[in-house]
Amino acid sequence: MRGSHDLGGLPAGPIDLEPHDMTFWEKQIDAMNTLLAQKGLRKTDENRRYVEMLSHDAYNTLSYYERWTASLARQMVDKGVLTQDEIDAKIAEIRSRLGQDAG
Amino acid sequence: MAQGLEPGDRVRVREDFPQGHVRTPVYVRGKEGVITRDFGPQPNPEVLALGRDGLPKKTLYEVRFKQSELWPDYNGPETDTLLIDIYEHWLSRI
């Protein structure tokens with residue numbers, strides 16, 4: 001069984017070689033990633049395992065940093081740092097603040 | 001598992017599909033190659049991936065494969081090779 005990430009040798013389309021600036025939220029996730037490592041709450045290989053555990057659809061739909069975000073959120077729930085309810089409540093609060101529909 | 005491998009030793013990569021995080025891509029599993037470098041004992045990423053200490057350490061080797069060994073339809077020169085790092089527990093001497 002091949003993981004969603006293990007693409008070596010599979011047919012692929014053209015590769016976008018244009019440089020992309022990181023968005024602010026991507027920098028925030030990168031910073032959070034470093035902070036959680038400094039606190040001993042995650043390791044690089046652990047991040048990889050969680051990213052590789054995403055469903056095939058999720059893996060192929062999410063962007064690189066969205067995968068990181070999903071991975072970190074799940075790790076923090078598994079480790080008891082956050083609960084899924086807390087994450088859901090925060091997402092709802094942010095959506096409300098931005099004037100978006102919840103859900 | 002192969003221990004005490006040295007540059008020049010011929011090896012075969014374990015053809016296995018374990019759950020969890022592994023650093024051995026599918027396309028080299030079951031393939032034959034040659035040890036080219038010994039990087040010494042390293043924390044095992046498969047154990048680090050579980051949030052643990054990565055012990056016991058596993059020796060990491062650089063292994064050279066012929067491209068024609070990896071890709072059945074490879075039509076480049078026979079001298080084309082790939083170098084890839086593989087941990088000892090994925091290798092057996094042949």
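This is a predicted model: local features need pLDDT of at least 70, side-chain atom pairs count only at pLDDT 80 or more; totals for chains, interfaces and linings use all residues.
Residues are numbered from 1 along each chain as its sequence is written, while chains are lettered from A and ligands numbered from 1 in the order in which they are written.

**Exercise 1. Work out which elements make up chain A and chain B.**

Step 1: Helices are DSSP runs of H or I with at least four residues, strands are runs of E with at least two, and numbering starts at the N terminus.

Step 2: do chain B. This one has two helices and five strands, in the order β-β-α-β-α-β-β from the N terminus.

**Exercise 2. Describe the dimensions and burial of each chain.**

Step 1: box the C-alpha atoms along the principal axes. Chain A spans about 45 × 35 × 25 Å, and chain B fills roughly 45 × 25 × 20 Å.

Step 2: check chain B against the globule rule (2.2 Å times the number of residues to the power 0.38, with the radius of gyration taken over C-alpha atoms). For 94 residues a compact globule would come out near 12 Å, and the 14 Å of chain B agrees with that.

Step 3: count burial. Buried means 20 or more other C-beta atoms within 10 Å of a residue's own, exposed means 12 or fewer, and partly exposed is in between, with C-beta atoms placed from the backbone. In chain A, 13% of the 103 residues are buried; in chain B, 24% of the 94 residues are.

**Exercise 3. Find how H2(A) packs on H4(A).**

Step 1: recall what to report. Two packed helices are described by the angle between their axes and the distance between the axes. Axes are lines fitted to C-alpha atoms, for helices over the stretch in contact, and angles run from 0 to 180 degrees between N-to-C directions.

Step 2: take the numbers. H2 (residues 44–53) and H4 (residues 64–78) of chain A meet at about 105°, with axes 9 Å apart. The pair is therefore roughly perpendicular, since that label covers 65 to 115 degrees, with under 35 roughly parallel, over 145 roughly antiparallel and the rest oblique.

Step 3: list who touches whom, a contact being two C-beta atoms, placed from the backbone, within 7 Å. H2(A) brings Glu46(A), Asn47(A), Tyr50(A) and Val51(A), and H4(A) brings Arg67(A), Trp68(A), Ser71(A), Arg74(A) and Gln75(A).

Step 4: see what covers H2(A). Its buried residues include Glu46(A), Tyr50(A) and Val51(A), and their cover includes H4 of chain A together with helix H1 (45–48) of chain B.

**Exercise 4. How many residues of chain A are in contact with chain B?**

Eleven residues of chain A contact eleven of chain B.
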